[in-house]
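The sequence and structure come first.

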Amino acid sequence: MSFTAGADAYDRFMGRYSVPLAPQLANLAMITVGQRVLDVGCGPGALTAELVRQLGPDAVSAVDPSEPFVVAAQQRHPGVSVQRAAAEQLPFGDQAFDAALAQLVVHFMADPVRGLREMARVTRKHGVVAACVWDHAGGQGPLSVFWEAALELDRDVEDESQLAGAREGHLAQLFREAGLHGVEEGVLSIDVEHPSFEEWWEPFTLGVGPAGDYAAGLEPMRQAQLRERCRELLPAAPFVLTARAWAARGLV
Ligand SMILES: C[S@@+](CC[C@H](N)C(=O)[O-])C[C@H]1O[C@@H](n2cnc3c(N)ncnc32)[C@H](O)[C@@H]1O
């Protein structure tokens with residue numbers, strides 16, 4: 001999985017969607033001043049920024065397995081403790097936090113149930129675990145037009161629809177398997193305006209995540225075919241892209 005790209009490439013490719021999503025996930029997790037919270041799979045810090053805004057840097061910790069993202073998150077959020085770690089093995093003691101959140105991460109975990117169990121372990125009793133994953137299976141994610149075009153051109157393409165939590169009900173099921181209580185599923189939705197087709201397309205060529213990996217690995221002619229099919233499928237620019245994510249909240 002290519003999360004070795006720089007933070008700036010990530011911002012242009014996915015940060016444009018994950019920044020407006022962050023306040024909604026924080027809201028779902030019922031974050032309140034005075035709490036200590038953990039951002040799991042923080043990337044360069046889209047959700048971290050929202051948690052810092054609400055709680056202050058001293059109340060926020062963050063982890064990510066990607067070295068460039070850890071460095072970026074440390075530089076962008078002074079005072080936040082950012083460590084290199086995966087969800088499946090969190091470097092914290094039991095019940096260290098009031099809440100643990102993972103924005104757009106569960107589908108990349110090697111073992112999602114183990115990762116969620118770890119998030120529950122480091123959260124206090126009756127504390128909240130919350131997560132969200134784009135609705136890749138329902139064709140409502142921000143990358144859905146890209147994957148639709150890619151599948152039209154090559155039926156063997158592996159898109160992100162089969163990933164953990166990317167279909168209705170699956171994230172809540174994983175939460176229950178991880179032993180969380182009172183699990184509720186919801187939908188988060190964002191609107192992002194794209195001024196031109198090129199502004200939408202160009203970040204796909206930067207090699208970020210599965211879609212970026214796929215686009216960057218194509219021969220120039222195949223990549224151009226994919227680009228032009230995406231242009232046909234999208235509305236004329238400027239256009240507003242609406243994307244939704246499955247979200248789940250559970251209590252420890
Ligand atoms: C789509 S990005 C989301 C980043 C950030 N949360 C946001 O909303 O912009 C997915 C992140 O999950 C991280 N990741 C991948 N596998 C992980 C794992 N097993 N545990 C924790 N984070 C992981 C990646 O390094 C990447 O930063």
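## Aromatic cluster

Rings of Phe, Tyr and Trp, the last taken by its six-membered ring, count as a pair if their centres lie within 6.5 Å. In this predicted model, there are 12 aromatic pairs. One aromatic cluster is formed by Phe-13, Phe-146, Trp-147, Phe-197, Trp-200, Trp-201, Phe-204 and Tyr-214.

Trp-147 and Tyr-214 make a tilted pair, with 6.0 Å from centre to centre and 40° between the planes. Trp-147 belongs to helix H5 (residues 144–153) and Tyr-214 to helix H8 (residues 209–216), so this pair ties together parts that are 67 residues apart in sequence. A second tilted pair joins Trp-200 and Trp-201, at 6.4 Å centre to centre and with 35° between the planes.

## Burial of the tryptophans

Buried means a relative accessible area under 20%. Trp-147 has 6% relative accessibility and therefore counts as buried. Trp-200 is buried as well, its relative accessible area being 0%. For Trp-201 the value is 6%, so this residue also counts as buried.

## The sheet

Seven strands form an open sheet in the order E3-E2-E1-E4-E5-E7-E6, and the pairing is mixed. Strand E3 (81–84) and strand E6 (181–194) are the edge strands, each pairing on one side only. On average, and with direction ignored, neighbouring strands of the sheet are turned by 20° against each other.

Strand E1 (residues 37–40) pairs with strand E2 (residues 60–64) in the parallel sense, over four bridges. Asp-39 has Ala-62 in E2 as its bridge partner.

## Helices on the sheet

Helix H2 (residues 46–55) packs on the sheet and touches E1, E2 and strand E4 (97–103). The direction of H2 makes about 170° with that of E1. Helix H3 (residues 67–76) lies across E2 and E3, and runs at about 170° to E3.

His-170 lies in helix H6, which spans residues 170–177. Is the residue buried or exposed? Its relative accessible area is 11%, so His-170 is buried.

The His-170 side chain reaches the backbone nitrogen of Gly-165 at 2.9 Å. With neighbours within four places in sequence left aside, His-170 is in contact with Ala-164, Gly-165 and Glu-185.

Terms used
Residues are numbered from 1 along each chain as its sequence is written. This is a predicted model: local features need pLDDT of at least 70, side-chain atom pairs count only at pLDDT 80 or more; totals for chains, interfaces and linings use all residues. Side-chain values use heavy atoms; hydrogens and water are left out. Two strands pair if DSSP finds at least two bridges between them. Helices (H or I, at least four residues) and strands (E, at least two) are DSSP runs, numbered from the N terminus. Axes are lines fitted to C-alpha atoms, for helices over the stretch in contact, and angles run from 0 to 180 degrees between N-to-C directions. Contact means heavy atoms within 4.5 Å. Buried means under 20% relative accessible area, exposed over 50%, partly exposed in between (1.4 Å probe, protein chains only). A polar contact is a pair of N or O atoms within 3.5 Å; within protein, one must be able to donate a hydrogen and the other to accept it, and residues adjacent in sequence count only if both atoms are side-chain atoms. Rings of Phe, Tyr and Trp (its six-membered ring) pair if their centres lie within 6.5 Å; planes under 30 degrees apart count as stacked, over 60 as edge-to-face and the rest as tilted.
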